[in-house]
Amino acid sequence: MVSPASQEIWKRAASDGILSILADAGAVILAPTCGVCVGLHSQYMELSVADSAKYTMTTIDPDFPRKVKVGDILVAGVNFGSGSSRETAPLALKYLGVGAIVACFFARIFYRNAINLGIPVIECKDANKISESNFIEIDVEQGVIKNISKGEEYICSKIPPHIQKLINDGGLVDYLKNTINSSK
């Protein structure tokens, strides 16, 4: 799947013939969006978090907002969150109840925004071996993902204790509030 990060990039790729080449090679060309964000509904950029969440990931899976359950682990591919320079994308995922995100690697701004909002983000080069219906457990201290469904284990990034504390507190703002209040 190819999801150009903006309308401008989509137009340029179309005029240069890149989208045709990719489509001829079998790629599915999605709407210009970061994928995580509101996608085709990006004309509604001033949506509340609750309304944005209704459209989250719908360019990839139209039923995503209805399927995701509190505590679900979202598993993605490479450079997840690319084009998501605002907090909207991870905030909508948090609103939907996503408990953690595993990807081969993340776009750096998305990665930091997710942590700042209290969402664990775990990098795993074998994320593509995890299927949608697989049940997985993540040990962020040891850096291991157990795929219970397949009986496999994958090495993943560890979350350092100071970042885990920030995540456990619910994100950066709550972490800072707790730190300030505990020092009084």
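**Sheet and helix packing**

Strand β2 (residues 100-103) is joined to β1 by three bridges, and the two run parallel. This is a predicted model: local features need pLDDT of at least 70, side-chain atom pairs count only at pLDDT 80 or more, and totals for chains, interfaces and linings use all residues. Residues are numbered from 1 along each chain as its sequence is written, and side-chain values use heavy atoms, without hydrogens and water.

**The sheet**
- Three strands form an open sheet in the order β1-β2-β3, with parallel pairing (pairing takes at least two DSSP bridges; strands are DSSP runs of E, at least two residues, and helices of H or I, at least four, numbered from the N terminus).
- β1 (73-75) and β3 (121-123) are the edges; each has a single partner strand, so one side of each lacks a neighbour in the sheet.
- Val75 stands opposite Val102 in β2.

**α6 against α7**
- Helix α6 (residues 108-116) packs on helix α7 (residues 161-168) at about 60 degrees, with the axes 8 Å apart (axes are lines fitted to C-alpha atoms over the stretch in contact; angles run from 0 to 180 degrees between N-to-C directions).
- Arg112, Ile115 and Asn116 of α6 meet Ile163, Leu166 and Ile167 of α7 (contact: heavy atoms within 4.5 Å).

**The two sides of α7**
- Ile163, Gln164, Leu166 and Ile167 are buried (under 20% relative accessible area; exposed is over 50%, partly exposed in between, with a 1.4 Å probe and protein chains only).
- The buried residues of α7 pack against α6 and α8 (172-182).
- Pro161, His162 and Asn168, on the other side of α7, are exposed.
- Gly170 follows α7 and has a positive phi, near 100 degrees.
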